[in-house]
Amino acid sequence: MCGIVGYIGDQEAYPILIKGLHRLEYRGYDSAGISLINAQGTLSVYKAKGKVSALEKSVEGKDVSGTIGIAHTRWATHGEPNATNAHPHFSQSKNLSLVHNGIIENYKALRTELEKNGMTFCSETDTEVLVQLVEYMMNTHRCDLYTAVQLALKNVIGAYAIAILEKSHPDQLVCARKGSPLIIGVGTTSSGRKEFYLGSDATPIIEYTNQVIYLNDEEIAIMDRTGRLDITNLSNVKQTPQLVTLQMNLDQLEKGGYPHFMLKEIWEQPNALRTCIRGRLNVVDKDVLLSGIIDHKDKFINCRRIIICACGTSWHSALIGKYFIEEACQIPVEVEYASEFRYRNPVIRPDDVVIAVSQSGETADTLAAIQLAKEHGAFLYGICNVIGSSIARATHTGTYLHVGPEIGVASTKAFTGQVITLCLLGLAIAKEKKSIPEDLFHLLVDELQKIPDKMQWTLENNKDIDKFAQMFTYCKNFIYLGRGYNYPVALEGALKLKEISYIHAEGYPAAEMKHGPIALIDEEMPVVVIAPKRGMYEKVVSNIQEIKSRKGKIISVVTEGDEVVKNMSDYSFVIPDTRDCFVPLLAVIPLQLLSYYVAISKGRNVDQPRNLAKSVTVE
Ligand code: M6R
């Protein structure tokens, strides 16, 4: 949801900012802009509707020199995506330019007040209100930019990560955050002084330095060319910055020969999951080691229930986690949409454990849900992919996925990473609670270890999905069915298809069909059924019969060697046999590939589907 980049140092800022915007484009791509101060002290702002490439085109032949600058790629909230509403925004006098990620909830009231004081606005955005408010504070309090930002932010309700340039002080960059992420990268110039980078995440920074500071909520930072970095909170209390070394490499941010990040990330899954379980799953000693559980085992042994809060794909993995944890640990688990949970006055007790599942670790609703749970005294556990993210820092403890950066907007490897992490978590708790027999625990550990190889097999043995997918280019609807552990897989398969191909798709528990959705079935309707030869196999076979007799087209996911369902289907994807609880980790792979290739055959931009953004930092 909007990406911010910034730079101050000895280098030309423009190439750093543009490259950074390309890396952050997954966060929003409806418009982009850049602001620079050149050697003559001119503060310029360039903006364009569309992708970063459109911005690059629009500045051709213009002066983009300068060693200080800020830039932004937008996912529109207030005001349609056009060049006027794109960031950066100028203040009235054009002395300031500002970029913003987040939402200023009281922007209307602030705007009315500022208009009464003679300020005029060019855009429909909440962001322009911020920059005008800062300028208003500078003028009325006759203070410097830093103080004005402090004063302005005290009047603001909402979420923000901001970066500001000031024409009359071209040697300093000011930034602040609350609720939206902002990272400061600290590098060294050729002359040995410190230079500073800004990013909504680490991806625009890692190329230049691995030394970063995660700005905390309500902190304001000022950086200048002498290498000074000062951080205070809104009340002007000095904060001590914590320098963290990033564990990330540049290859993880490139497509590595694949046409899209999504396809790369699908194929990365076996290795990503090997990394995820490394050091946590020990087949020799038949053990599961999760420090978050070992260090807080009493919280899990004694908890009354577990509540898992998540959104989108993460909600689907949470549902699989619920099935597994309830079965293995005998603890009641509730799975909540974070956006509903945070506003519905839920019962939360101090003996509840609340788990937040989030790839980005920045999803505004999930963050708010755990903040609510914290207020009620619950123990908070984070399952995130992005290291140092807001949710990871707001929880008491947790487990990182370690599946590497996920750039494609449609989540793939993070989903399987979340599922396997929730299985590890369930096993770790079960071990502490002794809630499953030892021989079963050993079997599950052994089988979980084999999953990455079985994923590889699944990828290698379903290579013709690309040709098959073309048959569905003009389909208007899809239904996905699964039972038990595979019901959330049906939901996930449908979401994948919807978000990147824009074909309407619904996931249902297979047995629910006869309670209504079966009325939709005719010869035009492709029905994807997850039908492994495991528990409930016979029942799913009956469900397939019901659809076939209404002429629905059956696309099935079957266990290798199962000729029965294969023969009943118009097309089948094969997966190796595994235990019921681990089938989702394999069954989702052909569904990810199906959605990818259908979207490709429709000519969609799979990595940046319309209206979406990778990290949903607004509610
Ligand atoms: O970063 P999070 O896991 O919290 O994100 C949650 C959803 O926004 C995300 O899973 C979304 O549904 C994806 N686009 C699905 O592919």
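Trainee: Is the crossing of H14 and H15 left-handed or right-handed?

Mentor: In this predicted model, helix H14 (residues 413-433) and helix H15 (residues 438-460) pack with their axes 11 Å apart and at an angle of about 165°. Angles over 145 degrees count as roughly antiparallel, and H14 and H15 are therefore roughly antiparallel to each other. The handedness of the crossing of H14 and H15 is left-handed.

Trainee: By class, which residues make up the contact of H14 with H15?

Mentor: H14 contributes Thr416, Ile420, Cys423, Leu424, Leu427 and Lys431, while H15 contributes Phe441, Leu444, Leu448, Ile451 and Met455. Sorted by class, the contact of H14 with H15 has one charged, one polar and nine nonpolar residues.

Trainee: Is H17 roughly parallel or roughly antiparallel to H20?

Mentor: The axes of helix H17 (residues 487-501) and helix H20 (residues 583-601) come within 9 Å and cross at roughly 20°. Angles under 35 degrees count as roughly parallel. The crossing angle therefore makes the relation of H17 to H20 roughly parallel.

Trainee: Which classes of residue form the contact of H17 with H20, and how many of each?

Mentor: H17 passes H20 in a right-handed crossing. On the H17 side the contact is made by Val489, Glu492, Gly493, Lys496, Leu497, Ile500 and Ser501, and on the H20 side by Pro584, Ala587, Val588, Leu591, Ser595, Tyr596, Val598 and Ala599. By class, the contact of H17 with H20 has two charged, three polar and ten nonpolar residues.

Trainee: How far apart in space are glutamate 268 and glycine 404, C-alpha to C-alpha?

Mentor: Glutamate 268 is in the loop between helix H6 (261-267) and helix H7 (269-277). Glutamate 268 counts as partly exposed because its relative accessibility is 23%. Although glutamate 268 and glycine 404 are 136 residues apart in sequence, their C-alpha to C-alpha distance is 9.4 Å.

Trainee: Why is H4 largely enclosed by the rest of the structure, and which elements cover its buried residues?

Mentor: Helix H4 (residues 127-141) is largely enclosed because eleven of its 15 residues are buried. Among the buried residues of H4 are Val129, Leu130, Val131, Leu133 and Met137. The elements covering the buried residues of H4 include strand E5 (89-90), strand E6 (96-104), helix H3 (107-116), helix H5 (145-154) and strand E7 (158-166).

Trainee: What phi does arginine 142 take?

Mentor: H4 reaches 21 Å from its first C-alpha to its last, close to the 21 Å expected at 1.5 Å a residue. Just after H4, the phi of arginine 142 is positive, at about 45°.

Terms used. Residues are numbered from 1 along each chain as its sequence is written. This is a predicted model: local features need pLDDT of at least 70, side-chain atom pairs count only at pLDDT 80 or more; totals for chains, interfaces and linings use all residues. Side-chain values use heavy atoms; hydrogens and water are left out. Axes are lines fitted to C-alpha atoms, for helices over the stretch in contact, and angles run from 0 to 180 degrees between N-to-C directions. Helices (H or I, at least four residues) and strands (E, at least two) are DSSP runs, numbered from the N terminus. Angles under 35 degrees count as roughly parallel, over 145 as roughly antiparallel, 65 to 115 as roughly perpendicular and the rest as oblique. A crossing is left-handed if the near helix is turned anticlockwise from the far one by less than a right angle, and right-handed if clockwise. Contact means heavy atoms within 4.5 Å. Ala, Val, Leu, Ile, Met, Phe, Trp, Tyr, Cys and Pro count as nonpolar, Asp, Glu, Lys and Arg as charged, and the others, Gly among them, as polar. The expected span of a helix is 1.5 Å times one less than its number of residues. Buried means under 20% relative accessible area, exposed over 50%, partly exposed in between (1.4 Å probe, protein chains only).
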